[in-house]
Amino acid sequence: MTSATFFVLLSLTTSLFAQDANKVVYFPAKQMDADLHKLPLNEIGESEINLIERTPGHAAILLRRALPGKAEVHENQADVWYVIDGGCEFVTGGTVVGGGPESAGEIRGKSISGGDEHHLAKGDFIRVPAGVPHWVKKIEGKEVVYIVVKYAEK
């Protein structure tokens with residue numbers, strides 16, 4: 001991870017620290033990369049590091065994904081993605097296939113029917129508003145590494 005990537009993360013998360021303005025959060029790039037690649041992948045092929053405290057109102061997460069995941073809808077949170085390495089086919093919009101509530105405000109399903117396909121690669125940025133279905137349809141290469149910042153929108 002480059003210094004520029006870290007500063008992008010910092011600028012994206014600055015407003016999220018409003019609950020504790022005195023809290024400084026720092027993760028050296030080498031440490032994040034080493035820790036992320038030490039973690040085992042879960043059942044949907046991802047490992048993650050919470051960069052700030054996760055609450056119902058916000059999160060900042062560094063993720064490594066090696067497999068497509070479930071389609072999802074966050075009813076009250078927007079997602080902001082910044083791709084650090086690798087790539088994927090990412091679908092937004094459309095209709096979640098076989099979807100149902102997984103937890104409060106969170107819907108998951110098998111895939112998405114319809115929607116818009118985006119090729120995400122290193123350096124790309126995408127914002128998914130609350131309530132919009134989204135899905136990592138296909139991993140390009142061996143993995144995609146990205147930062148997602150979640151914040152309450154509704």
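**Close-up 1. His134 is buried, with a relative accessible area of 2%.** The model is predicted. The cut-off for buried is under 20% relative accessible area, so His134 at 2% counts as buried. His134 belongs to strand β11, which covers residues 134-152.

**Close-up 2. The largest pocket holds about 650 Å³ of space.** Its lining comprises 33 residues, and Glu72, His74, Glu106, Arg108 and Lys150 are the closest to the centre.

**Close-up 3. Strand β11 gives the most to the lining of the largest pocket.** The strand supplies six residues. At least two residues each come from β1 (46-50), β2 (58-65), β3 (71-74), β4 (77-92), β6 (100-103), β7 (106-109) and β11. By class, the lining has twelve nonpolar, twelve charged and nine polar residues.

**Close-up 4. The protein around these sites has two helices and eleven strands.** From the N terminus, the order is α-α-β-β-β-β-β-β-β-β-β-β-β. Of the 154 residues, 43% are buried. Among contacts with a separation of 6 or more, 72% join residues 24 or more positions apart. The accessible surface comes to about 8,000 Å², with 55% belonging to carbon and sulfur atoms.

Definitions and conventions:
Residues are numbered from 1 along each chain as its sequence is written. This is a predicted model: local features need pLDDT of at least 70, side-chain atom pairs count only at pLDDT 80 or more; totals for chains, interfaces and linings use all residues. Side-chain values use heavy atoms; hydrogens and water are left out. Helices (H or I, at least four residues) and strands (E, at least two) are DSSP runs, numbered from the N terminus. Buried means under 20% relative accessible area, exposed over 50%, partly exposed in between (1.4 Å probe, protein chains only). Contact means heavy atoms within 4.5 Å. Accessible areas come from the Shrake-Rupley method with a 1.4 Å probe; for residues, only the protein chains shown count as cover. On a 1 Å grid over the protein atoms alone, a cavity is a set of points where a 1.4 Å probe fits but cannot get out, and a pocket is an open set with protein on both sides within 12 Å along at least five of seven lines; lining residues have an atom within 4 Å of a point. Grid points are joined across faces, edges and corners, and a volume is the space filled by probe spheres set on the points. Ala, Val, Leu, Ile, Met, Phe, Trp, Tyr, Cys and Pro count as nonpolar, Asp, Glu, Lys and Arg as charged, and the others, Gly among them, as polar.
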